[in-house]
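Please read it alongside the sequence and coordinates.

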Amino acid sequence: MNIRAPAKLAVGRVRFYGQHHGEVNCSAFSPDGWTLLTASDDGCVYVWGTKSGQLLWRLAGHRGPVKSCCFSPDGRLIASSSCDRTIRLWDVTRPKCLHVLKGHQRSVETVSFSPDSKQLASGGWDKRVILWEVQSGRNVRLLVGHRDSVQSSDFSPTSDSLATGSWDSTVHIWDLRESTPVVSYRNLEGHTGNISCLCYSASGLLASGSWDKTIRIWKPTTNSLFLQLRGHTTWVNSLAFSPDEQKLASAGYSRMVKVWDCLTGKCVETLKGMLDVAHACIFTPDGKLLVSGAADVTR
């Protein structure tokens, strides 16, 4: 694979070509790293084999650009969100849409599954966050509090809280244990730019990436900042903790991926020149790092 990568960190590159008819807005790996999703302005979600690089499925149905996509943690479902104000749930084993979720008033920018794959969170330009029951497709909760577009989201490992990041430069931690209609939240403040990505570790640390080119690692239970990471020259596009939580990988909107020591905050590896734009990164269960590359567009 012609990748300039350090010997002590196994890195794989996934690039995808020639099938999209619009810009790629998001990509996401399956939990096992064998499959990659890409969400395009052409209104479709593409499902790729990471080893072969071949297109497996093309999921059509949205009536506008697809802004976000993800796999469920159990690997059985795909969620996609769109400018058409809907979320679609798809069966991974065949190109079938199971539910079309309606409730947002403007473009839906982020979707994320709970760790048990039973709930889905969505957020968008209407500044709202909606919780959905995956099996029924039912809207179960509306979370209101952000002052600008909600662009990122992630559930805590225990599913009792949800983190959301917004263009208001804040991260909200919503307490999902409350049974009342109004859910309280705590603010994590410090970023000076839009929050572009969020990622929980297995033990409950939360990493946030921003247009201010920095990464912050928080201890959400105490509302405290653990580490601040600087080094990217563009806004941070994707984050992933290693399985042992000793490393954090960050992809900037550039040809650069960085790997950080989560104890010291030092950048231990910088991977350059391996991608056009790094859309997503993930650590596989065996600790290997996979990074997705940009797609060319055929019109």
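This is a predicted model: local features need pLDDT of at least 70, side-chain atom pairs count only at pLDDT 80 or more; totals for chains, interfaces and linings use all residues.

1. Leu248 deserves a separate look. Beyond four places in sequence, Leu248 touches Ala207, Ile215, Ile217, Leu229, Leu239, Ala240, Phe241, Lys258, Val259, Trp260 and Cys262. Its bridge partner in β24 is Trp260. Strands β23 (residues 247–252) and β24 (residues 256–261) run antiparallel and are joined by five bridges.

2. These two strands belong to an open sheet of four, ordered β22-β23-β24-β25, with antiparallel pairing. The edges are β22 and β25 (267–272); each has a single partner strand, so one side of each lacks a neighbour in the sheet. From one strand to the next the twist averages 15 degrees.

3. On aromatic rings, the count of pairs is six. Trp125, Trp167, Trp211, Trp235 and Tyr253 are linked by ring pairs into a cluster.

4. Ser159 sits in the loop between β14 (150–155) and β15 (161–166). Is Ser159 buried or exposed? Its relative accessibility is 17%, so Ser159 counts as buried, the cut-off being under 20%. Apart from neighbours within four places in sequence, Ser159 contacts Ser114, Pro115, Asp116 and Leu176.

5. Five salt bridges are found in the whole structure. One of them joins Glu109 to Lys67, with the closest N and O atoms 3.1 Å apart. Glu109 is in strand β10 (residues 108–113) and Lys67 in strand β6 (residues 66–71), so this pair ties together parts 42 residues apart in sequence. Glu109 is buried at 8% relative accessibility, whereas Lys67 is partly exposed at 22%.

6. Another salt bridge links the side chains of Arg138 and Glu133, at 3.7 Å from N to O. Both partners are in the partly exposed class: Arg138 has a relative accessible area of 47%, and Glu133 has 31%.

7. Arg177 and Asp175 also form a salt bridge, with 3.0 Å between the closest N and O atoms. Here Arg177 is exposed, with a relative accessible area of 63%, while Asp175 counts as buried at 19%. The value for Asp175 should be read against the cut-off for buried, which is under 20%.

How values were computed
Residues are numbered from 1 along each chain as its sequence is written. Side-chain values use heavy atoms; hydrogens and water are left out. Contact means heavy atoms within 4.5 Å. Rings of Phe, Tyr and Trp (its six-membered ring) pair if their centres lie within 6.5 Å; planes under 30 degrees apart count as stacked, over 60 as edge-to-face and the rest as tilted. Two strands pair if DSSP finds at least two bridges between them. Axes are lines fitted to C-alpha atoms, for helices over the stretch in contact, and angles run from 0 to 180 degrees between N-to-C directions. Buried means under 20% relative accessible area, exposed over 50%, partly exposed in between (1.4 Å probe, protein chains only). A salt bridge is a side-chain nitrogen of Lys or Arg within 4 Å of a carboxyl oxygen of Asp or Glu.
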